[in-house]
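User: I am new to this structure. Please show me how to read a few of its features.

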Amino acid sequence: MHHASKYKPKPFTDIFTPDTDINRSKCVRTVPMKVLILGLDRTGTTSLRAAMKRLGYLDTYHMTSCLENPPDALLWTDALCAKYDGAPRRPFTRRDWDRLLGHCQAVSGWPAAAFAADLVAAYPEAKVVLTTRDVDAWHASALKTLYWRATDPELGYLSCVDWAAGMYYPLLRKLFDTFFEGDFAGRGKEVFRRHCEEVRRLVPGDRLLEYQVTEGWGPLCKFLGEPVPENAAFPNVNDDEEFVRESRSRNRDQMRNVAFRILVWLLVMLFAIGLVCRVFNVGRVVYTLAVPLGYEVAQM
């Protein structure tokens, strides 16, 4: 795979971000895939990820998973290229999805939602949840968060110098250029409606729950066959303001990683220069050359 082959280990200087560094290109499935939550981000998919964890599901893959383990973004970019760019890249098979998602029992939102048909075909035994929201409210929220992030100049700069951003930002751009056809502002609502219709068409009624997070635990737990958690409010996380705040905070941490890496290399260079000077007695050489030329140099 083209992008996955560009994987590089996490620099030891990345100490300000708690990212993991797992190269999943050699992984296999270790737990069964049970639930595909295929609504688009900003329909409550982050809250649903937290809800699935509360219900005991082993990891629910979400776009934030690419932040937690940045090398995943390389495989997702390969998947997008295979789906939208065509030959010579082949579409992902179940074996490919198992490499990327083999540690998960569920997916929620992006980037998985961009592969609704592929994942429904790959995991026919999984139940499917389609999270929905008023399309105008969704578009307004996505413009202030997802689209803002995809066009964030700070993140664009960081992608040139930071390990994690260099994998995550190209994926984000590719998602908007392909799934939303390069015009989120103009075509986003149409793509949202088309996506929801596609999921409804793909999945038989007995395997599909159309759901809004404002409905709480009841419909979700009934559909999944899980007991409603006692004394636990349904999660409500990652609103618009929190999304922007967390994104800016991550930018700052990645800038600190870059600054620390530069500092370390400067110190290494200074140490190397000092070592060379000591080994070759550069001070004596300078003194020997300067005195015959009439320069006054303190003897070392």
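Analyst: Start with a pocket. The second largest pocket is lined by 19 residues, with T43, G44, R133, V213 and N236 nearest its centre. About 370 Å³ of space lies in this pocket. This is a predicted model, where local features need pLDDT of at least 70, side-chain atom pairs count only at pLDDT 80 or more, and totals for chains, interfaces and linings use all residues. Residues are numbered from 1 along each chain as its sequence is written, and side-chain values use heavy atoms, leaving out hydrogens and water.

User: How is a pocket found?

Analyst: Rolling a probe the size of a water molecule over the atoms shows where empty space is left. On a 1 Å grid over the protein atoms alone, a pocket is an open set of points where a 1.4 Å probe fits, with protein on both sides within 12 Å along at least five of seven lines; lining residues have an atom within 4 Å of a point. Points are joined across faces, edges and corners, and the volume is the space filled by probe spheres set on them.

User: What is the volume of the largest pocket, and which residues are closest to its centre?

Analyst: The largest pocket holds about 640 Å³ of space. Of its 28 lining residues, T64, L67, E246, S247 and R250 are the closest to the centre. Helix α12 gives the most to this lining, with seven residues. Helices (H or I, at least four residues) and strands (E, at least two) are DSSP runs, numbered from the N terminus.

User: How do I read backbone geometry?

Analyst: Most residues other than glycine have a negative phi, and most peptide bonds are trans. Here the peptide bond from W110 to P111 is cis, with omega near -10°. P111 lies in the loop between β3 (106–108) and α5 (116–122). N238 is not glycine, yet its phi is positive, near 65°. N238 sits in the loop between α11 (217–224) and α12 (240–280).

User: Is N238 buried or exposed?

Analyst: Buried means under 20% relative accessible area, exposed over 50%, partly exposed in between (1.4 Å probe, protein chains only). N238 is buried, at 14%. E181, with phi near 60°, is partly exposed at 34%.

User: What does H62 touch?

Analyst: Contact means heavy atoms within 4.5 Å. Leaving aside neighbours within four places in sequence, H62 is in contact with D41, T45, T46, R49, S108, W110 and P111. H62 is buried, at 2% relative accessible area.
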